[in-house]
Amino acid sequence: MSVHTRGSLFLRECVRTLAYAGVFCVVVAQSARAQAQQQSRGTLFVVGGGPQPPALVQEFVRLAGGPNKARIVIFAMASSEGRTGGEEKAQDLRALGADARNIWITRAQAETDSVVHLLDGATGIWFGGGDQVRLAEVLSGTATLRAIHARFAAGAVVGGTSAGAAVLSTPMLTGDERKPGGDRPPANKDESFLTIARENVITTDGFGFITDAIVDQHFVRRKRHNRLLSLVLESPQRFGVGIDESTALVIEPSGIWSVLGASAIVVYDAREATMASKRAPLGASGIVMHILPAGSRFDPNSGDVKLP
């Protein structure tokens, strides 16, 4: 074998080795980034409204660091009675050993450094119930909401109940609809969302902690299937997640969903469904529905379900 041939073989082996090394380094780097992302985000604790079983409240405190370590900030502006209700929530959390504080602010105050600094070191953030639109009007796009996202990225648990659950997702249900034939408000709530129809359910931007799903609350008890199905059929790339009262959807840093509490969550998955033409009434074939009671686990990436 000539010197030239040996040199060519040696060069090819070097190139092959470097290529393998490059692939290995890319895989290692991607794995490291994925682990870093998991380690640099907190947990979401999404409650469907209604009475909260003591075990749910205790679990929120545990996720926030546990007794004597949890530092929880409460935002209860969704309700006109949030000053009182938020303080009652803070007292409940203090009884479990958490340092808890109710913060009642206006939109102007949400842009101030003094309010932003109230979140320094927070290990838990809680959004109270009421009207999610009111909460969004105060916090959306503000320095305070950016600080809340920063705390979540640092590992804090972020949660809420009822309106405080709905506001965690973007899009966010407002609770309003465009009635066929006009925008006349229904005479009573039993006349709401009687159809599965296009462009009937009104949404807006929420806080964007959940973007691959849209959250509905009080779901089973208040029979809210029509409005959530309408949104899923309009945007099949997103899950529809209906959380019943006294029940929590917990989204872990890994992205896995788990269910706690007294009832269940309902998940609509139309990602692989066959959809009706956009010129036709809403319709689909092959929608997957999961009814997940407490103790269930769900992987939104693979669709795998583990029932209790």
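Reader: Let's start with phenylalanine 75. Leaving aside its neighbours within four places in sequence, which residues is phenylalanine 75 in contact with?

Author: Contact here means heavy atoms within 4.5 Å. By that rule, and skipping neighbours within four places in sequence, phenylalanine 75 is in contact with Ile103, Ile105, Leu119, Ile125, Trp126, Phe127, Gly128, Leu135, Leu139, Thr144 and Ile148. Keep in mind that this is a predicted model, where local features need pLDDT of at least 70, side-chain atom pairs count only at pLDDT 80 or more, and totals for chains, interfaces and linings use all residues. Residues are numbered from 1 along each chain as its sequence is written, and side-chain values use heavy atoms, with hydrogens and water left out.

Reader: How many residues does the largest nonpolar core have, and which have the most contacts inside it?

Author: The general idea first: in soluble globular proteins, nonpolar side chains tend to be buried together. A nonpolar core is a set of buried Ala, Val, Leu, Ile, Met, Phe, Trp, Tyr and Cys residues joined through side-chain atoms within 4.5 Å. Buried means under 20% relative accessible area, exposed over 50%, and partly exposed in between (1.4 Å probe, protein chains only). In this model the largest core has 47 residues, and Phe75, Phe127 and Leu139 have the most contacts inside it. Helix α7 (residues 143–153) supplies the largest share, five residues. There is also a second, separate core of 18 residues, including Leu56 and Phe60.

Reader: And threonine 144, is that buried or exposed?

Author: Threonine 144 sits in helix α7; helices (H or I, at least four residues) and strands (E, at least two) are DSSP runs, numbered from the N terminus. Its relative accessible area is 0%, so threonine 144 counts as buried. Beyond four places in sequence, threonine 144 is in contact with Phe75, Ile105, Ala110, Val115, Val116, Leu119 and Leu139.

Reader: Now the sheet. What order do the strands of the four-stranded open sheet have?

Author: Two strands pair if DSSP finds at least two bridges between them. Here the order is β8-β9-β12-β15, with mixed pairing. The edge strands, each pairing on one side only, are β8 (213–217) and β15 (288–293). Strand β12 (residues 264–269) pairs with β15 in the antiparallel sense over six bridges.

Reader: Which residue in β15 is the bridge partner of alanine 264?

Author: That's proline 293. Alanine 264 lies in strand β12 and counts as buried because its relative accessibility is 12%. Not counting residues up to four places away in sequence, alanine 264 touches several residues, among them Gly242, Ile243, Ile291 and Pro293.
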